[in-house]
Amino acid sequence: MDATRRVTAVLGPTNTGKTHHAIDRMLAHRTGVIGLPLRLLAREVYDRIVARVGPSVVALVTGEERIVPDRTQYWVCTTEAMPLEIGADFVAVDEIQLCADADRGHVFTDRLLRARGLNETLFLGSDAMRGAIAGLVPHVTFLRRERMSTLKYAGSKKLSRMPARSAIVGFSVENVYAIAELIRRQKGGCAVVMGALSPRTRNAQVALYQNGDVDYLVATDAIGMGLNLDIKHVAFSATAKFDGRRMRGLYPQELAQIAGRAGRHTEDGTFGVTGEARPFDEDVVEAIETHRFAPVRKLHWRNEALDFGSADRLIRSLEEPTSNDWLTRAREADDLLSLKALAALPEVRDKLTEPKRVQLLWDVCRIPDFRSSTGPEHTSLLTRIFEFLVGRGLGGGRIPSDWLAQAIKRIDRTEGDIDALSRRLAHIRTWTYVTQRKNWVEDESHWRDETRAVEDRLSDALHAALTQRFVDRRTSVLLRRLKQKEALVADVNDKGEVTVEGEFAGKLEGFRFKQDASATPDAARTLAQAAIQALKPEFHLRADRFYNAPDTELDFTEQGGLMWGTNAVGKLVKGSEPAKPAVEAFVDEEAGPEVAEKVRRRLQHFIDRKVAAQFEPLLAMGRDEALTGLARGFAFRLSEAMGVLPREAVATEVKELDQDARGALRKHGVRFGQFTIFLPALLKPAPTRLRLVLWSLWNGLQEFPESPPPGLVTIPNVQEVPKQHYTLAGYHPAGARAIRIDMLERLADILRQKDSRAGFEATPDMLSITGMTLDQFADLMAGLGYKGEKAERAKVKAEVAKAPEISEEAAAAIAAGVPIPEEVSILAPVAEPEPEAAPEMEAFYTFTWAPKPRPRPERGPRPERKEGEGQRAPRGDRPQGERPQGDRPRREGQGERPKHDRPKGDRPKGDFKGKSNRDDRQKSFEARPPRAEKPIDPDNPFAALLALKGKV
């Protein structure tokens with residue numbers, strides 16, 4: 001060591017500006033080299049120096065990146081990549097306390113012992129290194145720097161209560177991802193920083209945090225190595241880590257290195273634990289807060305004077321012990337393990353014929369295992385590379401370009417999840433390291449650019465995947481705007497999709513905001529708060545548009561909902577009368593009472609006008625003051641039933657109506673049907689749909705019956721559906737089907753003209769009215785009280801008269817144009833008739849009136865009557881009053897039937913064959929003309945009696 005060179009150890013805790021001081025000192029010299037512990041930190045310092053002096057004089061050299069301008073003056077490197085032979089004026093090594101690290105300590109110890117600037121050397125690190133540096137570096141000057149801010153212990157905090165601008169530290173990839181996922185759910189997202197990330201990915205993630213897009217950072221202990229971030233609180237999710245060999249607890253100085261990231265510059269910071277991590281002991285807390293730690297007693301060291309005579313000699317030189325009390329031989333590093341594995345392979349040992357080949361093997365073994373693969377896999381790769389590099393000459397080979405291209409091509413894919421992208425990024429780092437070695441590949445600049453491009457693409461894809469998985473940009477943006485108390489701008493498109501500050505927030509359905517369901521519970525609260533604040537002006541604008549919208553834009557559903565286009569804006573509720581429903585508006589409370597009242601008034605206007613239009617005949621009948629007495633009472637009953645009444649339910653009232661009352665009701669369109677009394681105008685689809693809704697509201701049904709599709713004459717008769725529902729829908733159940741009321745009355749008009757006692761067949765008109773097949777019609781008639789007897793008969797076919805055929809001789813004469821001879825017959829002889837085929841049969845039904853008997857109450861003995869007192873003419877055997885009778889179709893010239901002019905029998909009216917009121921003789925009536933009378937034969941012995949016929 002040259003004692004004339006100035007060597008200074010700048011020691012102190014974190015946040016003392018040591019790295020900034022070293023940059024200033026280097027730039028004060030003509031040339032300089034600074035070694036940093038992490039590739040990420042090296043890139044950060046490189047960017048800072050380039051910003052000050054420009055890129056033309058600054059080089060960046062790491063294991064995987066090499067930017068060396070022609071006029072390089074300042075070298076920014078990882079500690080392993082520091083050029084020691086260039087003779088720079090200034091040399092600095094950061095985080096010199098890593099000399100005590102079991103894995104990389106021997107590299108830092110080597111720089112402590114051998115790295116010197118021509119004019120000035122700086123060692124930056126913890127004050128715990130003071131004794132070791134003083135014992136190993138002669139004439140060293142110590143410079144103590146104090147922390148710019150205060151660091152305090154804040155105890156344990158749940159993640160849900162973690163303050164903003166916090167960093168949560170984990171010590172495994174799985175732990176980091178789990179914490180990041182939890183932070184995203186509870187806080188809207190976080191940035192992720194790990195040592196395995198590429199600088200490009202790390203910078204993009206740090207930018208998310210620094211720009212305020214997220215308020216939380218989840219990281220490994222990589223943030224403890226000089227990354228300068230705006231962190232106010234550091235929380236440890238664990239206090240132990242796997243150091244490559246075993247799980248061990250973190251040393252106080254390691255905890256302090258990470259905790260020191262909180263409170264940058266003059267801002268005070270705090271640290272603590274979270275999750276399952278145990279709170280720190282008091283002595284550990286005191287050591288971190290006062291920055292006083294046990295001094296480092298041993299530095300890891302490995303012999304730098306290597307013997308390349310053979311593989312065994314190289315291994316012995318690497319394992320050479322030290323006699324210095326401050327030093328201890330480093331444990332076997334990955335490069336030494338790889339050397340031993342390759343040296344044991346016969347195909348490799350056979351090629352180690354010269355020291356240069358042994359040195360080449362050592363260079364190959366120093367390729368880091370970025371992939372963290374198994375030993376044999378990494379060894380196999382190193383063996384293949386060594387064989388390529390040995391080539392035919394003395395280490396003069398190259399890695400084949402086609403083989404390298406195939407290896408890179410397999411990696412150059414940006415699809416996949418975070419783990420897949422991370423693996424590919426680790427693979428490409430291997431090839432990036434290889435291409436940075438001199439004379440290992442052909443066209444070095446091409447392959448360096450190629451691997452850099454692939455790494456950048458994978459880095460961007462990994463950043464996007466991390467952001468997509470762990471950052472809810474929407475929530476983070478809205479949180480930031482809400483904290484800044486800025487006015488939020490909402491936009492609602494034609495589909496009702498709401499964006500707040502460009503971020504999708506949900507949908508505005510009518511006057512209710514339905515936020516995005518994908519948001520987490522914590523994010524949902526933020527989303528709702530931001531959306532409601534931004535939507536207040538939109539609610540008022542939308543209420544104005546709704547109030548002025550025409551009725552054609554509004555509608556009601558069959559379950560009582562009120563719609564504006566495709567959006568539900570309210571519902572119908574029970575009112576003071578069946579035909580006067582009230583409304584309930586669907587309006588968010590945040591929209592305000594003014595908006596809610598405006599929407600409610602508009603909905604009430606709509607439904608009032610809808611009822612007035614659809615029930616106009618019914619309402620007009622109720623307003624008619626000309627209706628008095630029984631007619632007015634019956635009109636009220638019909639209004640209560642909303643225009644449709646089963647006749648059997650009001651049979652007594654109908655009997656009591658005289659012809660004048662009926663006529664007054666008929667003027668309003670009331671039809672007295674045989675089965676139903678109704679207003680035909682109210683059987684149309686629109687009034688029917690409204691009637692079902694209003695009746696269901698008035699009766700408090702939970703589920704409203706739906707109206708059948710328009711145009712159907714019959715619908716299925718479901719036994720579980722009450723008969724009243726069919727009546728309200730305008731149908732009458734009969735058998736397996738229910739028939740529309742107006743079509744049923746048309747059918748009844750035809751049936752009244754048939755002889756239901758003797759029986760009749762279905763006519764085409766009957767089938768046409770119902771739209772049924774014969775079997776379906778028979779089932780319908782059974783439901784109406786008719787008995788149908790099925791039979792078969794020969795189907796009558798219309799006979800087609802065949803034209804007579806001409807004989808062959810006559811046809812030949814006609815064809816020749818000569819007269820037909822008299823002896824030639826013009827007509828051909830009649831052919832023998834073919835035997836008749838079996839007749840085609842057809843089914844038919846004969847219907848007779850056969851109502852189901854109704855149980856009658858028992859009556860006492862009838863009182864004796866005097867002969868001829870209060871007696872009526874016998875009416876036959878039919879039960880009385882079984883079938884209600886409707887309005888008969890009138891024949892031409894007939895006026896209104898008198899009140900007593902209606903047969904009150906139990907069956908439909910037809911040709912009545914009953915007993916005479918005068919005698920018991922049966923009378924027969926025939927539809928054929930009377931027979932012509934034959935003259936009396938005088939020789940007939942009964943001639944005298946026949947002459948008396950008709951005179952008695």
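Which residues make a nonpolar surface patch of about 260 Å²? In this predicted model, the patch is built from Ile-806, Ile-814 and Ile-820. Ile-820 sits in a loop, with helix α29 (808–816) on one side and strand β34 (841–849) on the other. The relative accessible area of Ile-820 is 32%, so this residue counts as partly exposed.

Of the 952 residues, 45% are buried. The chain still exposes about 51,200 Å², and carbon and sulfur atoms account for 50% of that area. As for how the chain meets itself, take the contacts between residues at least 6 apart in sequence: 68% of these join residues at least 24 apart.

Then there is the matter of confidence. The average pLDDT of the chain is 84, and 82% of the residues reach at least 70. Among the elements of the chain, strand β6 (residues 90–93) has the highest mean pLDDT, at 97, while helix α30 (residues 943–947) has the lowest, at 54. Two stretches call for some care. Residues 866–884 stay under 50 in pLDDT, and the model gives them 36 contacts beyond four places in sequence. Residues 888–928 are also below 50, with 63 contacts in the model beyond near neighbours in sequence. Where pLDDT is low, the predicted coordinates should not be read in detail.

Note on methods:
Residues are numbered from 1 along each chain as its sequence is written. This is a predicted model: local features need pLDDT of at least 70, side-chain atom pairs count only at pLDDT 80 or more; totals for chains, interfaces and linings use all residues. Side-chain values use heavy atoms; hydrogens and water are left out. Patches are made of residues with over 30% relative accessible area and no salt bridge: like charges are joined within 9 Å, nonpolar side chains (Val, Leu, Ile, Met, Phe, Trp, Tyr) within 5 Å. Accessible areas come from the Shrake-Rupley method with a 1.4 Å probe; for residues, only the protein chains shown count as cover. A salt bridge is a side-chain nitrogen of Lys or Arg within 4 Å of a carboxyl oxygen of Asp or Glu. Helices (H or I, at least four residues) and strands (E, at least two) are DSSP runs, numbered from the N terminus. Buried means under 20% relative accessible area, exposed over 50%, partly exposed in between (1.4 Å probe, protein chains only). Contact means heavy atoms within 4.5 Å. pLDDT is the predictor's confidence in each residue, from 0 to 100.
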